[in-house]
Amino acid sequence: MRICSYCALLSIVPAAVGLAQGPGDRSLLPEQLLGMGAALGDRNGSVHGQISSENAIVGVLMVELSIPNRPGTIKAPIENGSFEFRGLPSGQYQLQLSGAAGQIVYEQSILITGGYQSLTIEIPARSNGGKSNDATVSIRQLQHNVPSEAQKEFAKGKTASNKGEHALALDHFQKATQIDPEFSEAFNSTGVSDMALGHFKQASDEFQKAVDLVPDYAVALANLSLALCRIEQYHDAAEVARRALKLDPLLPKVRYVLGLSLASAGGNQAEALDNLERAATEVPAAHLLAAKILVETDRREDAAKQLEDYLHSSAVEGVDRQKIEAWLEQLRR
């Protein structure tokens, strides 16, 4: 019994996959973060960090600290290659180092135990072999200073996008890239607006420009994988999805795109199923595609289990539920 094609299943992916613009401004004041200290311990600590790189530390870099599974961040600028946080509650934190346009160049988990702690972050230089898919982004590239006029257009675009005014947002983001042709985040956001307007080919071109500027731009790679899948370039979509997952394995929607692309292009079924199962917690439609693959390989009992899991999710109702229940009943015969 055919429920839906692979392409139809792609349409079930939440729009957030293609609408991710990167980390927004979720900043917290230090005292707001301190208010979370009860769950982390009462002793406060300080962290002094030093950035080490073969390249000169120039331009603007920012360090952010966040508590896993809690909203908000606190930020500290890097001055003369160093940074400092004070008055932190004891506990586990996630540290991110980002460039002027918001690209994340370094990330690690740190434990604050109280008292004074020192930390050294080593940033590798870009390889001398020129651009490649695995090239490390250089400090100079990440510290690219965005002209103020481009920043203003970008901010206007974000405001319009947040209001759902995607055509207006697109106009502002395009102006930002015209002012600054190296503004990678603006190219990514241009692609996001194109996706929202259904311009999938144009979106893929914009995401590719962002990736060309910053090869390790995980958000842009994730968005590019979806755009390529939308225009049925499945082999390319799978390759890009793997690159995004190499940078950030915790991207369930990209795992769904990888699984769907492999299934659509006749790729490795075991890899497709593995990624679909890992995606299903956030993308329930992954259960349906997994079930379809399992039926094709005569694993009806496993397929039925996938359908049951889908029915237990909150993603199905009405006519869809009736269709899935009918499919499940057929598999149980």
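**View 1. Overall view of the predicted protein.** Of the 333 residues in the protein, 46% are buried, where buried means under 20% relative accessible area with a 1.4 Å probe, counting protein chains only. The model is a predicted one, in which local features need pLDDT of at least 70 and side-chain atom pairs count only at pLDDT 80 or more, while totals for chains, interfaces and linings use all residues. Residues are numbered from 1 along each chain as its sequence is written, and side-chain values use heavy atoms, with hydrogens and water left out. The protein contains 14 helices and seven strands; these are DSSP runs, helices being H or I of at least four residues and strands E of at least two, numbered from the N terminus.

**View 2. Confidence along the chain.** The predictor's confidence in each residue is given as pLDDT, from 0 to 100. The protein has an average pLDDT of 75, and 72% of its residues score at least 70. Helix α2 (residues 30–34) has the lowest confidence, with a mean of 31, and helix α5 (residues 166–179) the highest, at 95. Over residues 1–43 the pLDDT stays under 50, and the model has 100 contacts beyond four places in sequence for them. Residues 126–142 are also below 50, with 39 contacts in the model beyond near neighbours in sequence.

**View 3. Helix α5 and its cover.** Helix α5 has 14 residues and spans 20 Å from first to last C-alpha, close to the expected 20 Å, which is 1.5 Å times one less than the number of residues. Its buried residues are Ala169, Leu170, His172, Phe173, Ala176 and Thr177. An α-helix has 3.6 residues a turn, so residues three or four places apart point the same way. The cover over the buried residues of α5 includes α4 (148–162) and α6 (184–196).

**View 4. The four-stranded sheet.** Four strands form an open sheet in the order β3-β2-β5-β6, with antiparallel pairing; strands pair if DSSP finds at least two bridges between them. Because β3 (74–77) and β6 (104–112) are at the edges with a single partner strand each, one side of each has no neighbour in the sheet. From one strand to the next, the twist averages 20 degrees.

**View 5. The β5–β6 pair.** Strand β5 (residues 91–98) pairs with β6 in the antiparallel sense over eight bridges. Ser98 lies opposite Ile104 in β6.

Key. Contact means heavy atoms within 4.5 Å. Buried means under 20% relative accessible area, exposed over 50%, partly exposed in between (1.4 Å probe, protein chains only). Axes are lines fitted to C-alpha atoms, for helices over the stretch in contact, and angles run from 0 to 180 degrees between N-to-C directions.
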